[in-house]
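Me: Could you take me through the pocket, the ring contacts and the helix faces of this model, giving the cut-offs behind each term?

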Amino acid sequence: MNITNNTILITGGGSGIGLEIAKALSPSNKIIIVGRNKEKLDAAAKDLENVFTIQADITNENDVNRLFEEVKTSFGGLNILINNAGNAYVYNIANDGNAHDKALAEFTTNYFAPIRLSEKFLPLLKEQNEAAIVNVSSIVGFVPGSHLPTYSDSKAALHSHTQLLRYELAKDTNVKVFELMPPLVATDFSAEIGGKENGIPASDVAKDLVKGLQENIYEIRVGNTGILYNSFFAATEGAFATFNN
């Protein structure tokens, strides 16, 4: 798809993968980065071209409604929605306890928020000649990490939802649905699980997203995610089409 002259909204855009995506796409597009901390957003956007900020908590329905109205009124529409914001707890599901509350918080941000945002912004996206939704999942959506048990569950759920959304929107709309699947990335978000020492640069993830959008690669498996998929899951690629035929 065309990746110039778009209006692009990125949740969790004040740091990490979201900020690197903003940097990669900002020279040729109008970028809106969204997060809960206004100061953090403004600091991130300060030296970037064509980057605007909107403070909003994507887990709050009133904030999402306000975000939609501001995008519609101030920017006149939307071409690409990137559901990037995430929440994760590092713990042992058998020993640490409170799994229910942790899972609820993770699913609220990682699964329910992208569903709400996508549904909310679909009318604007459908108005465009070409538009896209990008859901950022994870390598643990394929193989759960024992140290990220319910985070892994939330990303597996998001992967499933993304497949179905892509399938349905392809029938009669111009809205394409992409899934960005990073491995361990060197960000503050992943510091607790060794991301700073062992993760790939967030800029590499952004580069792969840009390439995937340009080439219409709907499942963008970055780095070790691609290696893992090709080693263990490639033979099941036709399962979804067969099941839904």
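Residues are numbered from 1 along each chain as its sequence is written, and side-chain values use heavy atoms, with hydrogens and water left out. The model is predicted, and local features need pLDDT of at least 70, side-chain atom pairs count only at pLDDT 80 or more, while totals for chains, interfaces and linings use all residues.

Me: What is the volume of the largest pocket?
Reply: A pocket is found on a 1 Å grid over the protein atoms alone, as an open set of points where a 1.4 Å probe fits, with protein on both sides within 12 Å along at least five of seven lines. Grid points are joined across faces, edges and corners, and the volume is the space filled by probe spheres set on the points. For the largest pocket this volume is about 1100 Å³.

Me: Which element gives the largest share of the lining of the largest pocket?
Reply: The lining, meaning residues with an atom within 4 Å of a point, has 44 residues, and Asn84, Ala85, Gly86, Asn87 and Phe189 lie nearest the pocket centre. Elements that give two or more residues to it are α1 (16-25), β2 (30-35), α2 (38-45) and α5 (149-172), where helices (H or I, at least four residues) and strands (E, at least two) are DSSP runs, numbered from the N terminus. The largest share, 3 residues, comes from α1.

Me: Which residues do ring pairs link with Phe107 into a cluster?
Reply: Rings of Phe, Tyr and Trp (its six-membered ring) pair if their centres lie within 6.5 Å, with planes under 30 degrees apart stacked, over 60 edge-to-face and the rest tilted. Phe107 and Phe112 have ring centres 6.5 Å apart and planes at 50 degrees, so this pair is tilted, whereas Tyr111 and Phe112 are edge-to-face, at 5.2 Å centre to centre and 65 degrees between the planes. The residues linked with Phe107 are Tyr111 and Phe112.

Me: Is Phe112 buried, exposed or partly exposed?
Reply: Buried means under 20% relative accessible area, exposed over 50%, and partly exposed in between (1.4 Å probe, protein chains only). Phe107 at 18% is buried, and Tyr111 at 19% is buried. With a relative accessible area of 46%, Phe112 is partly exposed.

Me: How far from the ring centre of Tyr229 is the charged end of Arg221?
Reply: A charge sits over a ring if NZ of Lys or CZ of Arg is within 6 Å of the ring centre and within 35 degrees of the ring normal. The charged end of Lys120 sits over the ring of Phe68, 5.3 Å from its centre. For Arg221 over the ring of Tyr229, the distance is 3.6 Å.

Me: Which exposed residues does α8 carry on the face turned away from its buried side?
Reply: In helix α8 (residues 224-232), Thr225, Gly226, Leu228 and Tyr229 are buried. Seen down the axis, these buried residues fall within an arc of 165 degrees, so they line one face of the helix; the arc is that of the directions from the helix axis to the C-beta atoms. The face turned away from them carries Ile227 and Asn230.

Me: What is the phi of Asn50?
Reply: Asn50 is found in the loop between α2 and β3 (51-55), and at 31% relative accessibility it counts as partly exposed. Its phi is positive although Asn50 is a residue other than glycine, with a value near 65 degrees.
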